[in-house]
Amino acid sequence: VGQARDQQAQYVLSGIYRDFALSGGQRHIAIEAFIHDGINGALLARRDFSATAGPPLRLDQLPSFGSPAFFRQGLGLALGGIFQEIAVWSGQEIGCLPFSARIVRRNGRQLHIDAGAEAGLSIGDTLHVHAWQPQPVYALAGNQLGREKRILGSAVIRSVYPTFSRIE
């Protein structure tokens, strides 16, 4: 959540290599990818991705990771394919989610939010202002599931700057 706030990001995409094993002259690659809400850290989506790479398989025989030469051979082609799949998947997942921004300053009825023209906002757009309920919701097993939001009201964007806006 801290990194999302620092980068003014709505969502955080992360992943874990679950497999990178050599077997039978091939390298199996498995990555588990996650999309988190940048405001509260909640997990919004997850998916497994995998591919198999052919020779060269030893890391010390490969061009520098991330270089154009790396992505033209076996392991680089497989990883590049997985990265492309993750990019398409995350774009589709995020495209279906509602827009959100943080209130960073309040002065009476005027609020400043941490989203502006770079996020596609325009003067006259209407937003709903939500507040988190103070008490979290718990599962029967006792683990915290998250918190509910309630709508406080609507606000109209009065001025837009590249990275913030003033709403009323």
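A: A quick term before we start: helices are DSSP runs of H or I with at least four residues, numbered from the N terminus. Keep in mind that this is a predicted model.

Q: Where is Ser90, then?
A: Ser90 sits in helix H2.

Q: Is Ser90 buried or exposed?
A: Buried. Its relative accessibility is 9%, and the cut-off for buried is under 20%.

Q: What is Ser90 in contact with, leaving aside neighbours within four places in sequence?
A: Leu13 and Ile35.

Q: Which other residues of H2 are buried?
A: Besides Ser90, the buried residues are Gly74, Leu75, Gly76, Ala78, Leu79, Ile82, Ile86 and Trp89.

Q: Why might residues three or four places apart go together in a helix?
A: An α-helix has 3.6 residues a turn, so residues at that spacing point the same way.

Q: What covers the buried residues of H2?
A: The cover includes strand S1 (11-23), strand S2 (26-37) and strand S3 (43-53).

Q: How far apart are the end C-alpha atoms of H2?
A: They are 32 Å apart. H2 has 22 residues, 74-95, so at 1.5 Å a residue it should span 32 Å, which agrees.

Q: What caps its N-terminal end?
A: Gln73 does. A side-chain oxygen of Gln73 lies 3.3 Å from the backbone nitrogen of Leu75.

Q: New topic. Which residues form the nonpolar patch on the surface?
A: Tyr17, Phe65 and Phe83, with about 330 Å² of accessible area together.

Q: Where does Tyr17 lie?
A: Tyr17 is in strand S1. It counts as partly exposed because its relative accessibility is 44%.

Technical notes:
Residues are numbered from 1 along each chain as its sequence is written. This is a predicted model: local features need pLDDT of at least 70, side-chain atom pairs count only at pLDDT 80 or more; totals for chains, interfaces and linings use all residues. Side-chain values use heavy atoms; hydrogens and water are left out. Helices (H or I, at least four residues) and strands (E, at least two) are DSSP runs, numbered from the N terminus. The expected span of a helix is 1.5 Å times one less than its number of residues. Buried means under 20% relative accessible area, exposed over 50%, partly exposed in between (1.4 Å probe, protein chains only). Contact means heavy atoms within 4.5 Å. A polar contact is a pair of N or O atoms within 3.5 Å; within protein, one must be able to donate a hydrogen and the other to accept it, and residues adjacent in sequence count only if both atoms are side-chain atoms. Patches are made of residues with over 30% relative accessible area and no salt bridge: like charges are joined within 9 Å, nonpolar side chains (Val, Leu, Ile, Met, Phe, Trp, Tyr) within 5 Å. Accessible areas come from the Shrake-Rupley method with a 1.4 Å probe; for residues, only the protein chains shown count as cover. A salt bridge is a side-chain nitrogen of Lys or Arg within 4 Å of a carboxyl oxygen of Asp or Glu.
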